[in-house]
Amino acid sequence: MSDTAAGTDFTTLGPVDDAGADLAGLYAYPEDLSSAWVRANFITSLDGAATADGKSGVLGGPGDRALYRLLRELADVVLVGAGTVRVEGYSGAQLGVAERQRRHARGQDEVPPIAIVTKSATLDQTLPVFTQTEVAPLILTTHRAAGDARARFGDLARVYDCSSPADGDEVDLATTLRTLAGLGLHRVLTEGGPSLLGALIAGGLLDELCLTIAPTLVAGSGKRITDGHDEALTAMRRRHTLTDDEGYLYTRYSRG
């Protein structure tokens with residue numbers, strides 16, 4: 001199967017749920033969702049590094065970038081941690097005409113918003129996520145920070161209190177996902193960082209992992225795709241594995 005825009009040919013390795021599906025079909029979210037379905041998209045080197053030179057994008061190739069665009073096209077919202085927004089220089093999602101048309105046909109808004117998980121909401125208003133976007137990002141923060149954040153950001157962002165009733169000083173990810181679902185944003189794509197992914201796994205909130213394995217060795221002391229949280233052994237089922245002429249592996253796993 002091909003992504004003609006990127007000029008990338010993908011080859012299926014092993015069994016898949018629907019061997020006749022196109023690429024978008026292989027990555028389709030479940031239908032008729034009533035709660036948030038959380039998909040993570042990450043890349044790692046052959047020796048397990050999630051970054052090189054401090055950024056994940058260095059590991060990617062044309063196929064990984066094509067898949068990155070597809071997963072954003074399919075999502076209702078892109079969920080990221082504040083640290084990733086700062087380090088990776090996040091802007092708003094950029095979609096082409098054909099991608100927007102397909103989203104419209106699926107009943108989605110033309111562009112998915114970026115949703116930022118942040119305990120303090122101390123984000124620089126000159127960051128590209130605020131200045132280079134068609135839709136205002138969502139700031140998902142604590143009860144303590146929400147009021148001040150609404151006053152500071154005004155129309156630059158939509159701010160939501162996502163703390164638990166028991167603790168207004170911490171972002172509660174289960175509350176966060178219920179908030180997104182209440183906004184009609186059921187198809188959630190998270191792209192980082194490692195702390196957010198670790199918290200989602202620890203909380204039993206990650207439904208699916210799309211992991212690209214780059215044909216690259218990094219060595220050094222690069223981070224894994226998760227960090228900072230207690231271990232939570234979670235069994236995953238392989239949905240498919242794809243490859244391309246560059247030697248990348250594109251895997252998709254889900255719970256159950």
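Here is a tour of the model, one selection at a time. Keep in mind that this is a predicted model.

**Stop 1: the sheet.** Colour the strands first. Ten of them form an open sheet, in the order β3-β13-β14-β12-β4-β11-β5-β6-β7-β8, with mixed pairing. Which strands stand at the edges? They are β3 (11–13) and β8 (158–161); each has a single partner strand, so one side of each is left without a neighbour in the sheet. Now look at how the strands are turned: on average, neighbours in this sheet make an angle of 25 degrees with each other, direction ignored.

Stop 2: Select β3 together with β13 (residues 236–243). The two run antiparallel and are joined by three bridges.

Stop 3: Next, pick helix α7, residues 173–182. This helix packs on the sheet and touches β4, β5, β6, β7, β8 and β11. Compare its direction with that of β5: the angle is about 155 degrees.

Stop 4: Select residues 208–213, which make up β12. Is this strand mostly covered or mostly open? Mostly covered: five of its six residues are buried. On the β4 side, six bridges join the two strands, which run parallel, and Arg39 has Glu208 in β12 as its bridge partner. Six bridges also link β12 to β14, but here the strands run antiparallel. Find Thr212 and you'll see Tyr250 of β14 opposite.

**Stop 5: Thr251.** Stay in β14 (residues 249–255) and click on Thr251. Its relative accessibility is 7%, so Thr251 counts as buried, the cut-off being under 20%. What does its side chain reach? The backbone oxygen of Leu211, at 2.8 Å. Beyond its close neighbours in sequence (within four places), Thr251 is in contact with Leu209, Cys210, Leu211, Ile213, His240 and Thr241.

**Stop 6: helix α2.** At 1.5 Å a residue, the 13 residues of α2 should span 18 Å, and the end C-alpha atoms are 19 Å apart, which agrees. Several residues of this helix are buried, including Gly63, Ala66, Leu67 and Leu70.

Stop 7: In soluble globular proteins, nonpolar side chains tend to be buried together. In this model, the largest nonpolar core has 38 residues; Tyr27, Ile116, Leu123, Phe130 and Ile139 touch the most other members. Helices and strands that each supply at least two residues to this core include α2, β5, β6 and α6.

Stop 8: Most residues other than glycine have a negative phi, and most peptide bonds are trans. Go to Gly192 and Gly193, and you'll find a cis peptide bond with omega of about 5 degrees. Gly193 sits in the loop between β11 and α8. Then select Asp32, in the loop between α1 and β4; its phi is positive, about 55 degrees, although Asp32 is not a glycine. At 77% relative accessibility, Asp32 counts as exposed. Finish at Ala219, in the loop between β12 and β13, where phi is also positive, near 60 degrees. Ala219 counts as exposed too, at 51% relative accessibility.

Definitions and conventions. Residues numbered from 1 in each chain as written. Predicted model: local features only at pLDDT ≥ 70, side-chain atom pairs only at ≥ 80, totals over all residues. Heavy atoms only, no water. Pairing = 2+ DSSP bridges. Helix = DSSP H or I, 4+ residues; strand = E, 2+ residues; numbered from the N terminus. Axes fitted to C-alpha atoms, helices over the stretch in contact; angles between N-to-C directions. Contact = heavy atoms within 4.5 Å. Expected span 1.5 Å × (residues − 1). Buried < 20%, exposed > 50% of the residue type's maximum accessible area, 1.4 Å probe, protein only. Polar contact = N/O pair within 3.5 Å; in protein donor to acceptor, adjacent residues only side chain to side chain. Core = buried A, V, L, I, M, F, W, Y, C linked by side-chain atoms within 4.5 Å.
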